[in-house]
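Subject: Structure handover, with notes

Hello,

Here is the structure for your files. Please open it alongside the notes below.

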Amino acid sequence: MNSFTFTYPTKVYFGENAAKDNLPGEMEKYGNTVLLTYGGGAIKKNGIYDEIVAILNDCGKRVVEFSGIMSNPTYKKVCEGIALAKEKKVDFILAVGGGSVIDASKIISAGAKFDGDMWEAQYVKHIMPTEFIPMGAVVTAFGTGAEMNNGAVITNEEKMQKSPLWGASYDFAVLDPVYTMTMPMKRVISGAFDTLSHCMETYFGTPRGDNLSDEINEAVMRSVIRNIRMTLKGPESLHARSELIWAAAMGENGILKTGKVTDFQCHMLEHQLGAYTDCNHGFGLAVIHPVLYRHIYKNAEEQFTRFAKNVWGKATAEEGIKALADFIKEIGLPTTLAEMGITDDSIFKPIAKSTIRTPGCCKKLTDDELIEILNECK
Ligand code: NZQ
Ligand code: ZN
């Protein structure tokens with residue numbers, strides 16, 4: 001096992017009424033002006049907005065709103081949020097939404113305390129932010145586990161790059177399964193598959209095999225698979241939803257990653273697919289994963305065999321990858337780029353060229369191999 005330091009900065013409030021029960025106490029700790037960040041309006045339709053604003057009003061907070069954060073949030077949108085947070089001298093940021101709102105808010109928190117361009121600072125000058133506006137997240141769409149880490153995936157449209165920027169960790173996260181019951185089923189499943197992907201991306205990193213992180217990971221993967229099936233059978237099951245939400249947090253809270261260098265090569269390729277097509281993250285992963293794994297499994301055959309046995313109950317690495325592909329089909333996720341409406345293969349070359357290669361992947365893929373993988377995804 002590699003050496004590691006484990007500490008956890010985010011306090012989690014999990015369960016029904018978690019916002020009503022815990023937000024007032026949390027809000028006492030912070031200053032008066034709260035930047036409430038959210039997306040395109042789903043929370044206004046399902047009543048979450050009214051509930052949260054009422055709590056903030058009861059706490060006597062001055063609420064400044066920043067809405068319209070889109071899926072696959074753009075750097076331009078993040079910069080607007082930074083400017084607003086600076087102008088209104090915000091004391092605290094409350095992000096209410098899914099991964100996109102939660103990610104964008106991390107960079108708003110860092111950018112509001114930073115003099116200069118966040119993208120250039122991190123990618124050109126290699127300066128990481130050190131000061132942040134404190135933040136809380138209320139998760140209304142789950143899967144990414146973004147509430148449990150300090151990375152934000154932001155699309156720089158000018159540079160055609162969807163890449164991580166590093167921001168702050170949340171001071172607290174509210175996970176109320178009831179808040180997620182209005183998510184469209186398509187989003188529930190794509191989000192839960194994203195969780196499974198995070199687990200796999202960690203599992204296939206190094207070192208592989210006989211270690212506690214991988215054994216816990218296998219249990220989380222089995223749980224996600226079981227609860228996706230249960231959710232599809234009974235969408236109203238609060239139990240299955242709760243399990244999936246906590247699994248999403250487990251995927252990204254660092255416990256599965258202790259002692260490991262993660263893989264995340266599939267994510268890097270999917271992020272660039274997202275930069276060029278603005279596609280749904282979970283859908284892109286579902287299409288790429290089996291194809292990518294068929295290309296690389298021989299470089300880590302023992303771990304792929306272990307995955308087949310311990311996660312899918314199959315005997316060989318090939319059968320494990322087939323079980324994954326069959327599962328993707330079974331749960332109604334797309335299996336080809338065409339099903340996602342992506343038919344222009346002229347984007348494959350720039351996507352391959354701009355895809356980050358990860359140190360934890362069992363094979364260092366060339367541009368040509370990535371193009372081949374994308375062609376097989378067609
Ligand atoms: O925009 P509104 O109207 O709010 O609608 C949202 C949005 O369309 C809707 N929604 C949210 N809560 C709802 C609801 N609809 C009904 N009822 C509710 N309770 O659902 C959609 C959510 O979209 P989004 O936030 O984009 O989805 P997701 O949570 O999958 O986040 C995806 C983003 O996270 C990044 C992805 O790349 C993508 O940009 N990721 C972030 C990670 C991280 N920071 O750790 C890890 C992931 O691998 C991922 O890359
Ligand atoms: Zn993901």
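The notes cover the ligand site, then the salt bridges, then one further residue.

This is a predicted model, in which local features need pLDDT of at least 70 and side-chain atom pairs count only at pLDDT 80 or more, while totals for chains, interfaces and linings use all residues. Residues are numbered from 1 along each chain as its sequence is written, chains are lettered from A and ligands numbered from 1 in the order in which they are written, and side-chain values use heavy atoms, with hydrogens and water left out.

Ligand site

Ligand 1 is surrounded by 31 residues, a residue being counted as near if one of its heavy atoms lies within 4 Å of the molecule. The closest are S71, G99, S100, D103 and H198. By residue class, the shell holds eight nonpolar, 18 polar and five charged members (Ala, Val, Leu, Ile, Met, Phe, Trp, Tyr, Cys and Pro count as nonpolar, Asp, Glu, Lys and Arg as charged, and the others, Gly among them, as polar).

Four elements each supply at least two residues of this shell: helix 5 (99-111), strand 6 (151-156), helix 7 (185-203) and helix 10 (265-277). Helices (H or I, at least four residues) and strands (E, at least two) are DSSP runs, numbered from the N terminus. Helix 5 gives the largest share, four residues. Ligand 1 lies between domain 1 (11-179) and domain 2 (186-376), because both give residues to its shell; the domain bounds come from an automatic or database domain assignment.

Among the polar contacts (pairs of N or O atoms within 3.5 Å; within protein, one must be able to donate a hydrogen and the other to accept it, and residues adjacent in sequence count only if both atoms are side-chain atoms), the side chain of N149 has an N or O atom 2.8 Å from an oxygen atom of ligand 1. A polar side-chain atom of N72 is 3.4 Å from an oxygen atom of the ligand, and a polar backbone atom of M183 is 3.4 Å from a nitrogen atom of ligand 1. Taken alone, ligand 1 exposes 960 Å², of which the protein buries 86% (Shrake-Rupley method, 1.4 Å probe; for residues, only the protein chains shown count as cover).

Salt bridges

The model has 14 salt bridges, defined as a side-chain nitrogen of Lys or Arg within 4 Å of a carboxyl oxygen of Asp or Glu. Burial below is given as buried (under 20% relative accessible area), exposed (over 50%) or partly exposed (in between), with a 1.4 Å probe and protein chains only.

R357 and D367 meet at 2.4 Å, N to O. This pair links distant parts of the chain, with R357 in the loop between helix 14 (348-354) and helix 15 (367-377), and D367 in helix 15, ten residues apart. D367 is partly exposed at 31%.

E252 pairs with K257, closest N and O atoms 3.0 Å apart. E252 is buried at 9%, whereas K257 is partly exposed at 22%.

K77 and E80 form a salt bridge at 3.8 Å. Both lie in helix 4 (residues 75-87), three residues apart, about one turn of the helix. K77 is buried at 13% and E80 is partly exposed at 38%.

One further residue

D368 is in helix 15 and is exposed, with a relative accessible area of 58%. From D368 to Q303 the separation is 65 residues in sequence and 25 Å in space, C-alpha to C-alpha.

Regards
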